[in-house]
Amino acid sequence: MIKAVRGVRDILPSEAWRWQRVEAAARQVFEAYGYAEIRVPLFERTELFARGIGDETDIVKKEMYTFEDRGGDSLTLRPEATAGVLRAYIEHGFHVEPKPVRLYTMGPMFRYERPQAGRYRQFHQVNVEALGETHPALDAEIIAMLMDFFAALGLAGRLELHVNSIGDVGTRPAYIARLVDYFAPIQSELCGECQARLTRNPLRILDCKIPGCQPLIDKAPSILDSLSPEAAEHFEAVRRCLDAMGVEYAIDPRLVRGLDYYVRTTFEVLTQDLGAQNAVAGGGRYDGLIQQLGGPADPGIGFAMGLERAVLLLGSEGEGRELLALLIPVGEAGLARLLPVARALRQRGLPVEIGYGARRLQRELERANRLGARYAVIAGDAELAAGEAIIRDLKSRDQRAVPLEALEVEMARLAQVENGR
Ligand code: AMP
């Protein structure tokens, strides 16, 4: 038997409805904020990610699915969506449109990471980008929108919003130097990974989750003390706007995020409910990135939300697939009468199934229960002779006869009653 590749999984029908719920909530909330969907390719030229994410990041160094195609071009399955969306923004001249240009996209991402619960090699994200505007109100608005999305799913109470400012590209080296000054003398007390980060990417030490490193990181100099006056004012304004909208957050000076391109505002949505994989969404401002990819000097801000994790948080609460009825003809004559009724109900958008008249009635009723049908509609020889069908309520087990010509309308009425609950 050939099995699915390690770190990759099927989304089965029993959970797909939850995915649809998450995706529908995203579309509804984002479109209310003026975001339009863009769909970009699943693979791009490798250099787009090398330039757009940063050569020194874990993603580019260790996690990309890179291959040469038959024409000899180096291509990479997208590990994130921002680079592709920005490439499209530049390629199609979006910068002439009214600013900010608001875009969202959703779909699979690919990273060669060590798989564990909540972490996969093919996973799915919803991504939002707002391009061409530096005003701090936009930062606050995009964060508020993300929280509104979680609220729409009933998840707000289980999530914590963290915000930070990591300053500007120009002032960051001075902070990193302070960080290195602080960690260098105590280097041997850090975990192996952090020791490597100290030379490679010292900022990422702040991200470390290893318990032994925590007390050392807690006493490290705060990036908030090293902001330029402009960056500090920008961050204050973001917070004022969040406060004005009543968005609750914690300031987290350790929130630096994994990607090199962030400046100023960074934010993350965390949960206590998913074990080690506690980040559900994260994002930030990336003002130099569009230019770095060969486009105009337009600023940008965005976030990515992990769909697997949102779906996990939803759990199994709520209803799955709904089936109004199983229509059960007994014999050929019943099938001929019920097939057109099934079709008419389906044309009204009502989910029904039909048996084909070959199984015994008792077997079909068991099947109706296993399918989760709300009603069974039975048409055997005796009912047909009387010009009727029987509607059986599978919850209360009550049943009654209805004239065949009234069946479609009666089932539609029952569906409305069901929806009204
Ligand atoms: P990032 O693009 O790394 O900032 O990730 C943004 C969000 O995507 C995270 O908060 C997670 O919810 C999700 N995510 C990132 N990597 C994975 C993965 N390997 N498996 C599942 N979800 C992921």
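1. A crossing of two helices is called left-handed if the near helix is turned anticlockwise from the far one by less than a right angle, and right-handed if it is turned clockwise. Keep that in mind for the helix pairs further down. Before that, a word on the source: this is a predicted model, where local features need pLDDT of at least 70 and side-chain atom pairs count only at pLDDT 80 or more, while totals for chains, interfaces and linings use all residues. Residues are numbered from 1 along each chain as its sequence is written, and side-chain values use heavy atoms, with hydrogens and water left out.

2. Let's start with α1 (residues 13-32) and α5, whose axes come within 9 Å and cross at roughly 135 degrees. (Axes are lines fitted to C-alpha atoms, for helices over the stretch in contact, and angles run from 0 to 180 degrees between N-to-C directions; helices are DSSP runs of H or I with at least four residues, strands are runs of E with at least two, and both are numbered from the N terminus.) The two helices are therefore oblique to each other; under 35 degrees would count as roughly parallel, over 145 as roughly antiparallel, 65 to 115 as roughly perpendicular, and the rest is oblique. α1 passes α5 in a right-handed crossing.

3. α5 (residues 136-152) also packs against α9 (residues 229-244), at an angle of about 45 degrees and with the axes 8 Å apart. That makes α5 oblique to α9, and the crossing is right-handed here too.

4. Next come α12 (residues 332-347) and α15 (residues 407-419): their axes come within 10 Å and cross at roughly 40 degrees. So α12 and α15 are oblique to each other, and α12 passes α15 in a right-handed crossing.

5. Now the ligand. It is surrounded by 14 residues, and the closest are R111, E113, Y120, R257 and V280 (a residue is near if one of its heavy atoms lies within 4 Å). By type, the shell holds six nonpolar, three polar and five charged residues. β6 (122-131), β10 (279-285) and β11 (300-306) each supply at least two residues of this shell, and β10 gives the most, with three.

6. Which atoms pair up with the ligand? R111 puts a polar side-chain atom 2.8 Å from a ligand oxygen. In E113, an N or O atom of the side chain is 2.6 Å from a ligand nitrogen. Y120 uses its backbone instead, with an N or O atom 2.9 Å from a nitrogen atom of the ligand. Taken alone the ligand exposes 480 Å², and the protein buries 90% of that (areas come from the Shrake-Rupley method with a 1.4 Å probe).

7. Two backbone details to look up. K99 and P100 are joined by a cis peptide bond, with omega about -10 degrees, and P100 lies in the loop between α4 (82-91) and β5 (101-110). R264, in strand β9 (residues 263-271), has a phi near 55 degrees, a positive value in a residue other than glycine.

How values were computed:
Polar contact = N/O pair within 3.5 Å; in protein donor to acceptor, adjacent residues only side chain to side chain. Nonpolar A, V, L, I, M, F, W, Y, C, P; charged D, E, K, R; others polar.
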